[in-house]
Amino acid sequence: MSQAHDSLLRQAIELAQANKRVEARQLILKVVTQDEENARAWMLLARVTPDLNERRTALMNVVNLEPFNTKAQQALAELEGKMAISRAVGDDPEKRSRGRRIVRVFLYFLLTVMTLIIVGVLILVMIKNNERKDDVAEVTNARETYVRQTSVAALAIEATATAVQQAIVDITSTYVAFPTLTFTPRPTLPPENTSTPTVTPTASLTPIASPQGLTGQIIGWGGRLATEGETDFPIIFISVTDGAITQVSGSNRGQNVTAINTSRVIYQRYFRDVFRSELSKLDAVSGISEAMSNEWDGTTLLVGETQWPHLTPDGRMLVFSATSPADDTLGIYLYDTLAAGEKLRRLTADGNNYTMPTISPDGTRIVAVRSAKSPNPPSTDLVLIDVASGTVEDWTTDGDTTVETTPRWSPDGKLVAYVVVNAETGNGDILLRTTEGIVNVFPVTRTPETNEIFPVFSPDSRYMAYSSDIVEGYNIFIYDLLTNAFFQLTFDDEAFYPGVWLN
């Protein structure tokens, strides 16, 4: 780095510390224009620029120049994730920013035009009034008045025009994106497989506010266990408005709930007499449950113990995991109520175990957890299954470095939330992954000391509910994907888990 560039960057830092980021940015742009491989300047530009695209370009340049700069890598990954999530939920900050700039420039232009029109009208009125005067002295005085007024008007016009021009210059100089060098990003950026970050926990024991203005209800499971060590609970409805909890399954217990409305609730019910779980339909009014196997008893496909149900939003398709009597492995099954032929299909049969499936809103893709079965090397990863062809695509490939669990599609199909379990602590953190375009992975929680599990989305895909043991028991929390705000829905020492969020 030349002494001149070093001096400019020191000045830029002083300006930024004095909250003069516009001036600081101009100095930094001078440096990177002349020295495109100045990683320090690119990093400073990323810190001071208000333009998200320019920040992204600057961080990508830092990472390409300094591949082991972990701070730049983390900042780029988080920025990519936030921008992708904003686009996925229909909120693009860059579009908003550009829109505001256009409106501002237009308003300044409109103000200038209106000022010119008003001054012109006043001048015409004065001229007409002066022409009607018969007295020469009055005409002379009027002319003098006219000269003075027009001089003042001219000065006002000139001042207004200057102010408008300066305002437009300020706006454009503040937000113009840097047009020159952009390095080609490395294939590993942003990272496609992200382990649980080890950072300061996001949440704390500080009381978290209840959500305000949210509607709908969460259908899940929870309450008190009948016996110690049991994992099945009553099925419950939880009001998102006030957190009120209603038990609807009577004496029946289970977990892993899915539903399209309060009348069609399917859950994994535990049958004590045979010591196994089976999918059941629940009548929320009477509390009576009926085995789902009754619906596919007439099919030719043999199905063993069933678990992990998930419905498409229209209720047409049900995906679940079940054991196969043929090979004693857990596979993914699809029950299509409108299929022309066989309504029940097995989608996986490669010797591995598949669990926790979640089906995309359009019913074309399934994300599931694949666990290699002996004698294969142990590994647990997410896979993407094409419903039409049955082909399986690897989504994560880190084996047992981290264990991925409970994926869930967003209702708009643009995001998948899932849990990554830390191998040392056994606690889970929630990550978001985009499903369109470039893969972006964004951490929602960063709390190695607590366990965040079972993420589900709100019907509009903006919010996410999940269960956490950050306080005694497991309570349900809500995360706002746009504002990054957290809220607490239930306040109890019992355990509550979300299965689906309905209107």
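**Figure 1. The start of helix α4 in the predicted model.** At the start of α4, a side-chain oxygen of Asp51 comes to within 3.0 Å of the backbone nitrogen of Asn53. This is a polar contact, meaning a pair of N or O atoms within 3.5 Å; within protein, one must be able to donate a hydrogen and the other to accept it, and residues adjacent in sequence count only if both atoms are side-chain atoms. Helices (H or I, at least four residues) and strands (E, at least two) are DSSP runs, numbered from the N terminus. The model is a predicted one, in which local features need pLDDT of at least 70 and side-chain atom pairs count only at pLDDT 80 or more, while totals for chains, interfaces and linings use all residues. Residues are numbered from 1 along each chain as its sequence is written, and side-chain values use heavy atoms, with hydrogens and water left out.

Helix α4 has 14 residues and reaches 20 Å from its first C-alpha to its last, close to the expected 20 Å at 1.5 Å a residue. The expected span of a helix is 1.5 Å times one less than its number of residues. Buried residues of α4 include Leu52, Glu54, Leu59 and Val63; buried means under 20% relative accessible area, exposed over 50%, and partly exposed in between (1.4 Å probe, protein chains only).

**Figure 2. The salt bridge between Glu54 and Arg25.** The side chains of Glu54 and Arg25 form a salt bridge with an N to O distance of 3.0 Å. Glu54 belongs to helix α4 (residues 52-65) and Arg25 to helix α2 (residues 21-34), so the pair ties together parts that are 29 residues apart in sequence. A salt bridge is a side-chain nitrogen of Lys or Arg within 4 Å of a carboxyl oxygen of Asp or Glu. Glu54 is buried at a relative accessible area of 4%, and Arg25 is buried with a value of 4%. Helix α2 has 14 residues and spans 20 Å from its first C-alpha to its last, close to the 20 Å expected at 1.5 Å a residue. Besides Arg25, the buried residues of α2 are Ala24, Leu27, Ile28, Leu29, Val31 and Val32.

**Figure 3. The salt bridge between Asp6 and Arg40.** By the same rule, the count for the structure is ten salt bridges. In one of them, the side chains of Asp6 and Arg40 meet at 3.1 Å, N to O. The pair links distant parts of the chain, with Asp6 in helix α1 (residues 3-17) and Arg40 in helix α3 (residues 39-48), 34 residues apart. Asp6 is partly exposed at 23% relative accessibility, and Arg40 is partly exposed at 36%. Asp6, Arg10 and Arg40 are linked in a network of salt bridges. Side chains of opposite charge can pair when their charged atoms come close.

**Figure 4. The salt bridge between Asp336 and Arg316.** The closest N and O atoms of this pair are 2.7 Å apart. Asp336 is buried at 9% relative accessibility, whereas Arg316 is partly exposed at 31%.

Figure 5. The structure holds two cavities of 30 Å³ or more. On a 1 Å grid over the protein atoms alone, a cavity is a set of points where a 1.4 Å probe fits but cannot get out, and lining residues have an atom within 4 Å of a point. Grid points are joined across faces, edges and corners, and a volume is the space filled by probe spheres set on the points. The largest cavity has a volume of about 170 Å³. Its lining comprises 17 residues, of which Trp308, Thr406, Pro407, Arg408 and Phe454 lie nearest the centre. The elements giving two or more residues to this lining are β4 (254-261), β8 (306-311), β12 (353-359), β16 (403-409), β20 (452-457) and β24 (495-502).

**Figure 6. Trp308 and Phe454.** Trp308 lies in strand β8 and is buried at 17% relative accessibility. Phe454 lies in strand β20 and is buried, with a relative accessible area of 17%. Phi is near 55° for Trp308, a positive value in a residue other than glycine. For Phe454, phi is also positive and near 55°. Most residues other than glycine have a negative phi.

Figure 7. Thr434 is in strand β18 (residues 428-434) and is buried at 7% relative accessibility. The side chain of Thr434 reaches the backbone nitrogen of Asn440 at 3.0 Å. A polar atom of that side chain also lies 3.3 Å from the backbone oxygen of Ile438.

How values were computed. On a 1 Å grid over the protein atoms alone, a cavity is a set of points where a 1.4 Å probe fits but cannot get out, and a pocket is an open set with protein on both sides within 12 Å along at least five of seven lines; lining residues have an atom within 4 Å of a point.
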